Amino acid sequence: MKQKFDVITSTCVPLPLENVDTDQIIPARFLKATTREEKFFGDNLFRDWRYQADGTPNPDFVLNDPTYSGCILVAGKNFGSGSSREHAAWAIAGYGFRVVISSFFADIHKNNELNNFVLPVVVSELFLAELFQSIRENPKMQVEVDLPNQTVTNKATGRSEHFDINGYKKHCLMNGLDDIDFLVQNQDKTIQWEQQNK
Amino acid sequence: MNTLFDKIWDQHVVQQVPDGTTQLYIDRLYCHEVTSPQAFDGMRARGLKCFRPSQIYCMPDHNTPTHDQDKPIEDPVSKKQVDTLAKNAADFGLTHYGMMSKDNGIIHVVGPEKGLSLPGMTIVCGDSHTSTHGAMGAVAFGIGTSEVEMVMASQCILQQKPKSMRITINGQLGKGVTAKDVALYLMAQLTTSGATGYFVEYAGDVITALSMEGRLTLCNLSIEMGARGGFIAPDETTFAYLKGREFAPKGEDWDKAVAYWKTLKSGSDAVFDKELSFDAADIEPRITYGTNPGMGIGITESIPAAGDAGFEKALNYMGFKPGQKLIGTKVDYVFLGACTNGRIEDFRAFASIVKGRQKAADVIAWLVPGSWAVDKQIREEGLDKVLEAAGFEIRQPGCSACLAMNDDKIPAGKLSVSTSNRNFEGRQGPGARTILASPLTAAASAVTGKITDPRELI
């Protein structure tokens with residue numbers, strides 16, 4: 001999971017729907033696991049869109065379409081709204097996605113992706129629309145996500161965009177570090193705060 | 001600048017980390033069984049103990065059955081998750097309110113009613129509806145499991161400071177219009193992403209006049225506009241609600257606390273990143289028609305005539321047509337409860353409509369108190385008699401059909417009028433169709449068997 005980030009170049013899986021909520025990413029009935037079974041969550045990513053009621057794959061859903069593959073998910077605006085369940089980020093990571101590109105992410109889900117070394121890349125509406133079109137025209141087209149330089153490039157059109165990421169989080173992703181190490185190392189500052197405020 | 005949000009947030013900053021991140025001190029962490037086990041496992045793997053165990057409260061709520069709670073949970077997977085929380089709490093020395101304990105209930109109902117959530121606090125839980133506790137005048141927000149582990153390990157969290165928004169609603173709510181309708185109205189105005197990136201302060205005549213229960217409902221639904229959290233400056237209503245509660249300060253400490261709480265308000269010169277104003281007169285009882293909470297209409301209105309691909313997908317799922325009116329549509333299930341509307345005032349409202357009437361024969365109604373304390377008060381006030389006389393049964397507390405992690409699942413294709421918070425596809429069970437509404441609208445629909453304007457029955 002904690003694969004260090006650098007530059008990722010991959011084909012994309014398009015999901016041109018807006019307001020994809022975390023109940024769709026992983027339905028509540030799959031939240032009963034008490035361990036981080038990434039494969040289990042990945043196997044049930046988008047469960048109710050991906051499988052029909054009888055358990056057979058829904059041929060109309062993009063994850064079941066062999067035309068599309070890659071470790072970059074491209075989704076419509078307001079991706080990951082609703083429930084705070086980190087299981088949604090585990091499912092995305094467990095399936096094998098390392099980057100999600102959208103024009104807008106819900107706050108909690110965005111943090112959950114970052115905490116699981118999945119990179120949420122926010123692009124402009126124009127860039128996103130063009131990217132969906134490029135993928136439609138050539139499902140084998142590639143996108144380059146360059147974290148050190150904070151750029152995302154549509155290799156079909158050559159259009160490139162800068163994306164924002166908090167500098168601390170970028171450092172964590174590039175070095176495989178997480179917040180808990182930092183917070184435990186800073187407990188003296190927490191104790192100092194408590195003494196001043198309690 | 002100088003907003004109440006700034007005051008509470010800034011006071012809790014332990015340090016500013018370079019590049020825009022804040023190490024924020026957390027006063028209260030709540031844990032339920034669904035989003036905590038992997039955090040406890042992470043703590044074990046790192047060999048850590050909870051840094052401030054006395055500030056962490058645990059209780060199961062999502063998986064709890066709403067009947068026969070004195071017997072073992074039938075679903076072995078649910079049972080394991082509930083048992084795991086009890087074991088984790090014991091191993092890490094945390095307070096745990098187990099099933100059938102008089103203290104148990106939905107975490108967002110129990111926290112305020114025990115006085116565990118107080119003005120000026122920072123409060124987190126691995127649950128997006130943690131925004132509920134903002135009604136107490138606290139900065140409260142939902143977090144993921146990795147962040148739960150951060151707080152267990154350090155009583156702190158690393159966050160970027162959100163922007164601030166004030167939503168002012170002036171005027172007076174009309175007959176049959178509740179806090180739930182106000183929230184559903186705001187979601188339709190702002191959409192489910194309109195407040196993303198913001199902490200929302202609610203203000204104005206309507207907010208001041210709301211009871212504590214109403215405020216909890218409104219703040220609960222802040223996340224459905226995308227907001228990190230929503231809160232209301234504490235006032236006499238807040239203090240009166242808190243006084244005498246189990247964990248509220250007592251005696252001299254109470255006086256000191258109230259004196260401090262009275263300072264918790266936005267300055268007259270406060271500058272918000274965004275300000276919105278609405279008029280109470282524009283709000284009627286509301287219902288949703290689609291598959292996100294922002295897809296809502298006034299109960300007398302029609303579904304919009306057209307929309308984007310998401311609109312078509314939603315109507316296709318719901319089995320509705322563009323331009324259709326929903327009033328009079330046959331209802332299969334009614335659900336009263338959840339962290340949104342499982343409090344005493346919600347049961348009073350529901351009972352006020354069904355009193356002297358009868359539940360429609362073909363409606364299945366689940367009435368689920370938010371906690372055992374709510375259940376006790378229902379019985380003390382005699383509401384149980386009113387509800388039972390009208391053909392309703394009160395179930396045992398838990399999250400229940402809000403997200404159907406227990407057995408309370410709405411069957412595929414059935415239409416549910418629900419006082420919960422989300423109408424996402426499959427939220428109340430695979431294929432279930434959910435209409436979000438207030439307890440009054442749910443009650444009116446339960447007795448007529450059709451989607452009904454509660455004003456006709458008041």
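## A chat about chains A and B

Visitor: How many residues does the contact take from chain A and from chain B?
Guide: The contact takes 42 residues from chain A and 56 residues from chain B. Two residues are in contact if their C-beta atoms, placed from the backbone, lie within 7 Å.

Visitor: What should I know about the model and the numbering?
Guide: This is a predicted model: local features need pLDDT of at least 70, side-chain atom pairs count only at pLDDT 80 or more, and totals for chains, interfaces and linings use all residues. Residues are numbered from 1 along each chain as its sequence is written, while chains are lettered from A and ligands numbered from 1 in the order in which they are written.

Visitor: New topic. How many helices and strands does chain B have?
Guide: Chain B has 16 helices and 18 strands. Both are DSSP runs numbered from the N terminus: helices are H or I, at least four residues, and strands are E, at least two.

Visitor: Which strands form the open sheet in chain B?
Guide: Four strands do, in the order β16-β15-β17-β18, with parallel pairing. Two strands pair if DSSP finds at least two bridges between them.

Visitor: Which ones stand at the edges?
Guide: β16 (364–367) and β18 (433–436) of chain B. Each has a single partner strand, so one side of each is left without a neighbour in the sheet.

Visitor: How many bridges join β15 to β16 in chain B?
Guide: Four bridges join β15 (residues 333–336) to β16. In one example, B:V334 has B:A365 in β16 as its bridge partner.

Visitor: Where is B:K359?
Guide: B:K359 is in the loop between α13 (344–354) and β16 of chain B.

Visitor: Buried or exposed?
Guide: B:K359 is buried, with 20 other C-beta atoms within 10 Å. A residue is buried if 20 or more other C-beta atoms lie within 10 Å of its own, exposed if 12 or fewer, and partly exposed in between; C-beta atoms are placed from the backbone.

Visitor: What does B:K359 touch?
Guide: Leaving out residues up to four places away in sequence, B:K359 touches B:A365, B:A390, B:G391, B:F392, B:A446 and B:V447. B:A365 is also the bridge partner of B:V334.

Visitor: What share of chain B is buried?
Guide: Of its 458 residues, 60% count as buried.
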